[in-house]
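Please read these comments with the sequence and the 3D view open side by side. They go through the fold one part at a time.

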Amino acid sequence: MMMSCRLAKSFSFIRLFFLRSSNNKNNGSRLRFPQFPADAFSAFRSSRYRSVMSASSSSSSSSNPMSREDATLLPSVEDKYGGVRTEMTHPMDPSLFSSLLRASLSNWTLQGKKGVWIKLPKHLIGLAETAVKEGFWFHHAEKDYLMLVYWIPKDVHTLPANASHRVRIGAYVINHYKEVLVVQEKTGRFQGQSFWKFPTGVVNEGEDIHDGSVREVKEGTGVDTEFVQILAFRQTHKAFLEKSDLFFVCMLKPLSLEINAQESEIEAAQWMPWEEYTKQPFVQNNELLRYMIDICSAKTDGGYEGFTPIRVSAPDQQGNLYYNTRDLHSGH
């Protein structure tokens, strides 16, 4: 009944307005519309809009397990160090990405997160500029993606740096004739020199050191070998691409003697008498090589023990422990 009365009053007001307007028009006066308070109308519209949005939100939340808040944040997973990781997979407009990134950073800040990692595949590399503008920096890149990182706290970040070392091997392969396997290279620092050296190479990602040494000898010389021990290792800095370098001297036992040198990288390869190798002027004038000669000779004579790998497991991964098995076991 109350609603009917209000509607009736409204229609009466409208009818009266048009009647007055008609009289004014007949009198030659200008048509004037009634002045409604702007703030009253805005309040009505705003109130109605909020109600609709609230109802829509409630309806959406009840029918969709994903909340509206989730739809405005970048997908992410927590890491083990109080940070988050997100990986972009689908194309996105940079402006939308920027909005989602800002909202996500605000949300992660409220959650007390620290490091933020964003992985961009190469087909979405255009989003990198947007991330950099928001404070991200490049951490590392692989052949098919770019990794960016951001530190939320105001203090100095404790994020790990990119891979800092390259792992290489030098192979000491000596046969029962006391001849050592040596090569001359077509490329590198020893290109065009008459110096004979141990086969060397780089251990691949995910490859064990002992497996890498066997593979490198096979690829470079065609000789099959069996890993014996790591005899020593050297660390240097500011090497290839300004990275540090770990060089492992590995002893291997030859399983074949026939040489089939790799044409693309090896100029020549041969079995050389050990004494002849050690007397090369380059070897005699190189401190590192002199130490290597002493270590290899001591191992061959039985007075030195290197490091043998044993497969061990940790709570979340498996790997190899290299240690002196002879001295450890002799103490028990």
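The numbered points below take up a sheet, a pocket and a few single residues.

1. The coordinates come from a prediction. Please keep that in mind when reading the values below, since this is a predicted model.

2. The sheet as a whole. Start with the order of the strands: S8-S6-S10-S9, four strands that form an open sheet with mixed pairing. S8 and S9 (225–236) are the edge strands; each has a single partner strand, so one side of each has no neighbour in the sheet. From one strand to the next, the twist averages 25 degrees.

3. The parallel pair. S6 (residues 165–173) and S10 (residues 244–254) run in the parallel sense and are paired over nine bridges.

4. The antiparallel pairs. On one side, S6 pairs with S8 (residues 200–202) in the antiparallel sense, over three bridges. Here isoleucine 169 is the residue opposite glycine 201 of S8. S9 and S10 also run antiparallel, joined by 10 bridges. In that pairing threonine 236 stands opposite aspartate 245 of S10.

5. How many of the residues of S10 are buried? The count is 10 of 11, so that S10 is mostly covered. Helix H8 (residues 287–301) packs on the sheet and touches S6, S9 and S10. The direction of H8 makes about 145 degrees with that of S9.

6. The largest pocket. This pocket holds about 870 Å³ of space. Its lining counts 34 residues, and those closest to the centre are Arg168, Glu185, Phe190, Lys197 and Thr200. Two or more lining residues come from each of S6, S7 (179–185), S8, H5 (209–221), S9, S10 and H8. Which element gives the most to the lining? H5 does, with four residues.

7. Glutamate 216. This residue is in helix H5. Is glutamate 216 buried or exposed? Its relative accessible area is 15%, and the cut-off for buried is under 20%, so glutamate 216 counts as buried. The side chain of glutamate 216 has a polar contact of 3.2 Å with the side chain of arginine 215. Leaving out residues up to four places away in sequence, glutamate 216 touches Ile169, Thr200, Gly201 and Val202. Ile169 and Gly201 have already come up, as isoleucine 169 stands opposite glycine 201 in S8.

8. Histidine 140. Strand S4 (residues 137–142) contains histidine 140. With 17% relative accessibility, histidine 140 is buried. What does the side chain of histidine 140 make polar contacts with? One partner is the side chain of histidine 139, at 2.7 Å. Another is the side chain of tyrosine 145, at 3.0 Å. Apart from neighbours within four places in sequence, histidine 140 is in contact with Tyr145, Leu146, Met147 and Asn162.

9. Two residues with positive phi. Most residues other than glycine have a negative phi. Lysine 178 has a positive value, with phi near 60 degrees. Lysine 178 lies in the loop between S6 and S7, and its relative accessibility of 56% makes it exposed. Leucine 241 also has a positive phi, near 55 degrees. The place of leucine 241 is the loop between S9 and S10, and at 66% relative accessible area leucine 241 is exposed. Please check both loops in the view.

Key:
Residues numbered from 1 in each chain as written. Predicted model: local features only at pLDDT ≥ 70, side-chain atom pairs only at ≥ 80, totals over all residues. Heavy atoms only, no water. Pairing = 2+ DSSP bridges. Axes fitted to C-alpha atoms, helices over the stretch in contact; angles between N-to-C directions. Contact = heavy atoms within 4.5 Å. Buried < 20%, exposed > 50% of the residue type's maximum accessible area, 1.4 Å probe, protein only. Polar contact = N/O pair within 3.5 Å; in protein donor to acceptor, adjacent residues only side chain to side chain. 1 Å grid on protein atoms, 1.4 Å probe; cavity = no way out; pocket = protein on both sides within 12 Å on 5 of 7 lines; lining within 4 Å. Points joined across faces, edges and corners; volume = space filled by probe spheres on them.
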